[in-house]
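The sequence and the structure come next.

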Amino acid sequence: MAAFAPNSALVFSGRGATGARSLSSRSIAKPVAVNDQSRARKVNVGVRAATGSIREQAGRRAPLEKSTLFNCKYVPFSGDQNEEYSIDDVIYRSKNGGLLDVQHDMEALAIYPPEYWKALFDERVGKTVWPYGSGVWSKKEWVLPGISDDDIVSMFEGNSNLFWADRYGREVLGMNDLWVKQCGNSHTGSFKDLGMTALVSQVNRMRKQGKPLAAVGCASTGDTSAALSAYAAAAGIPSIVFLPADKISLAQLVQPIANGSLVMSIDTDFDGCMRLIREVTAELPIYLANSLNSLRLEGQKTAAIEILQQFDWQVPDYVIIPGGNLGNVYAFFKGFKMCKDLGLVDKLPRMVVAQAHNANPLYRAYKTGFEKFEAIKAEPTFASAIQIGDPVSIDRAVYALKETNGIVEEATEEELMDAAAEADLTGMFNCPHTGVALAALKKLREAQTIGPSDKVVVVSTAHGLKFAQSKVAYHAGEIEGIVGKFANPPVEVKEDFGLVMDVLKERLDQ
């Protein structure tokens, strides 16, 4: 059956579903039937006006011809699928107390063929056209299709590099196709920016609609609060964050302080902060910004779509994700699943969740075949952002793992710190959470679960600079119980040429 493209269009031709495409803009008088890849297809990307700010230019841009058909809504993640809510409602749970999910009208999105979406997303990448220069909003029709461009709060997040870990893969793991998705190369230094642009944009829209939302708030292990405070500050919306006292890095603590948030340091762990923020948002007009709120996951899922795009729409064999509150696990699954359901790819990757041994409730459930889940009291871990014993998104994560024949692995404190340091010696600069994922990968290679030629993506969730304290302690040999197999402390030398030469000769001889 012929597919039809919009009237005002961008024509592309190329070398097939996975090949490079050439693009040019023109207008046509009527729809053009599209029967195969060799014929012209039309993609409406709009034309930038020559004057005004990029936001003003967006206001003058013609929308996609059938974009009014695209919509999304809240439905229960599990339970009565006849229950539904507007995306403009302030609601976090279904009637039975379960989590909500954002459901898109897939039939409407399927009006356009897979090659249309590929070309549209490819055309928008890396541009300064508002808001499509963002890695999230370049997929706007799949995120929040009904929001006005003028309501979007974006710092052109996303578009993070997919790093080929050539030397580490080859020399340490005997692999030739290992990649690290550097989600920490973002405005506030973590993947949380991807979700927060979606959530704060929707809050901005609802406040303009007159919804009584005085502020946005979250409980955090550090990265969520940094992202929320930055995006709220950009929008001029007050923000409030609850942080567990003495359990996050100084870099994480100073970010919401610098962005003007009301920061409350509470004598509890993350789970205690989460209980408090839920009670507070039930009593006050403060919008909850934790991943209990499904809006965040709509932004975060674009990292999965972006991985496929960066691989020219080829699917990796494995994707390894550090897991704490577990929302990101389901977000990546949603991104991969949307691409498969709309025909952009033909399979799903096998998902692996990596947990710190000191905060491993999902791993324990996995070892029982998911027959039983029990929340635990998370112990301190250098991977502080995933120090969570009662994850909100446990059901979502289990579903994603079952759908992808997934795996859960764990890493001790020594294993995760050693893994991060060993990979750093090949040019990376990893946060402890990425260390958890790398340690899990190492175990799966040793067990030969992952093969030498498998295409594997490790998701790096934050920038190593946010956790410099732990890295300094590792290299200084100051961590009790950890030898520091790959420690590389500075060598103190007096101002003496001979002594300097002695040190250099010893090191070069090695």
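## Salt bridges

Glu 415 and Lys 443 are joined through their side chains by a salt bridge, with 3.0 Å from N to O. The two residues link distant parts of the chain, since Glu 415 belongs to helix α15 (residues 413–424) and Lys 443 to helix α16, 28 residues apart. A salt bridge here is a side-chain nitrogen of Lys or Arg within 4 Å of a carboxyl oxygen of Asp or Glu. Helices (H or I, at least four residues) and strands (E, at least two) are DSSP runs, numbered from the N terminus.

The model is predicted: local features need pLDDT of at least 70, side-chain atom pairs count only at pLDDT 80 or more, and totals for chains, interfaces and linings use all residues. Residues are numbered from 1 along each chain as its sequence is written, and side-chain values use heavy atoms, with hydrogens and water left out.

A second salt bridge, between the side chains of Glu 422 and Lys 442, has an N to O distance of 2.7 Å. Glu 422 is in helix α15 and Lys 442 in helix α16, so this pair ties together parts that are 20 residues apart in sequence.

What does the salt bridge of Asp 177 with Lys 455 tie together? The closest N and O atoms of Asp 177 and Lys 455 are 3.1 Å apart. Asp 177 sits in the loop between α5 (166–173) and β10 (178–182), and Lys 455 in the loop between α16 (432–446) and β18 (456–460), so the pair connects parts that are 278 residues apart in sequence.

The table gives the relative accessibility of the paired residues. Buried means under 20% relative accessible area, exposed over 50%, and partly exposed in between (1.4 Å probe, protein chains only).

| Residue | Relative accessibility and class |
|---|---|
| Glu 415 | 30%, partly exposed |
| Lys 443 | 23%, partly exposed |
| Glu 422 | 12%, buried |
| Lys 442 | 24%, partly exposed |
| Asp 177 | 16%, buried |
| Lys 455 | 19%, buried |

In the whole structure, a search finds 24 salt bridges.

## Helix α14

Helix α14 spans residues 394–403, and its buried residues include Ile 394, Arg 396, Ala 397, Val 398, Ala 400 and Leu 401. Which elements do the buried residues of α14 pack against? They pack against the helices α10 (295–300), α12 (327–341) and α13 (361–367), and against the strands β8 (100–104), β16 (350–356) and β17 (407–411). Asn 405, which follows α14, has a positive phi near 50°.

His 475 is found in helix α17 (residues 468–475) and, at 23% relative accessibility, is partly exposed. Beyond its neighbours within four places in sequence, His 475 is in contact (heavy atoms within 4.5 Å) with Phe 486, Ala 487, Asn 488 and Pro 489. From His 475 to Glu 56 the C-alpha to C-alpha distance is 51 Å, and the two are 419 residues apart in sequence.

On the surface, a patch of negative charge gathers Glu 495, Asp 496, Asp 502, Glu 506 and Asp 509. Patches are made of residues with over 30% relative accessible area and no salt bridge, and like charges are joined within 9 Å. Glu 506 counts as exposed because its relative accessibility is 53%.

Definitions and conventions:
Patch = residues over 30% accessible without salt bridge, like charges linked within 9 Å, V, L, I, M, F, W, Y side chains within 5 Å. Areas by Shrake-Rupley, 256 points an atom, 1.4 Å probe, with all protein chains shown as cover. Lys, Arg positive; Asp, Glu negative; His and termini not counted. Charge placed at Lys NZ, Arg CZ, Asp CG, Glu CD.
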